[in-house]
Amino acid sequence: GSKSVGYEIAEQLGWRLPQQVVSPVASGSLLTKVDKAFGELAALGFVEGGAEPRIFGAQATGCSPVSQAYSAGWDVVRPVKPDTIAKSLAIGNPADGPYALDVVRRTGGSISAVSDEDVVDGIRLLARTEGIFAETAGGVVVATLRHLLKEGLLDPEAETVILNTGEGLKTLDAVMDFARPSATISPDVDAVRAHVC
């Protein structure tokens, strides 16, 4: 399933690959499988030539074992106890962590971590600028993108795909301090029509 994300990116870009990708990292599988899909498409000649995309990983600091391993220059990932609002990424012992390290190092990317406060800011930024309500993993990716740009680690001129892997209604507790329902509608077709029409 994760590999199909890579196929879909190439298809939506007109059968070419982006220059950079920022992916959330939980187990590490999404990042590694997107990279695998890109490699397969290139090997089969299904995408236009060019450089291999730089792959970047995004984690929340409250559960960032792969980011910690990357920063320390380790080849192994030391397990951590998760403590973050980004519950969908809170895998303290990621099975594909070492492979994610290999991918980002091979492609010239990196793996970074951002605070829970930054995650919420990322959710708000995406909602305000694009009208997309992301769950916390999307907030991690947007906040990491900002961090990478600020640190000069990501080329601001390069075509960049960010992977927003979940819808905000899954993690309402993370945004309840600033986002409240504007209407409460009973589960009835007429009530919905009265509020929508």
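How much space lies in the largest pocket? The largest pocket holds about 290 Å³. On a 1 Å grid over the protein atoms alone, a pocket is an open set of points where a 1.4 Å probe fits, with protein on both sides within 12 Å along at least five of seven lines. The volume is the space filled by probe spheres set on the points. This is a predicted model, in which local features need pLDDT of at least 70 and side-chain atom pairs count only at pLDDT 80 or more, while totals for chains, interfaces and linings use all residues. Residues are numbered from 1 along each chain as its sequence is written.

Begin with the whole chain. The protein has seven helices and four strands, where helices (H or I, at least four residues) and strands (E, at least two) are DSSP runs numbered from the N terminus. Their order along the sequence is α-β-α-β-α-α-β-α-α-β-α. Of the 197 residues, 43% count as buried, meaning under 20% relative accessible area with a 1.4 Å probe and protein chains only.

Next, select Leu17, Gly50, Ala51, Glu52 and Pro53. Among the 17 residues that line the largest pocket, these lie nearest its centre; a lining residue has an atom within 4 Å of a point.

Then select residues 29-43, which form helix H2. Helix H2 gives the largest share of the pocket lining, four residues.

Finally, colour the lining by residue type. The lining divides into seven nonpolar, four polar and six charged residues. Here Ala, Val, Leu, Ile, Met, Phe, Trp, Tyr, Cys and Pro count as nonpolar, Asp, Glu, Lys and Arg as charged, and the others, Gly among them, as polar.

Definitions and conventions
Side-chain values use heavy atoms; hydrogens and water are left out. Buried means under 20% relative accessible area, exposed over 50%, partly exposed in between (1.4 Å probe, protein chains only).
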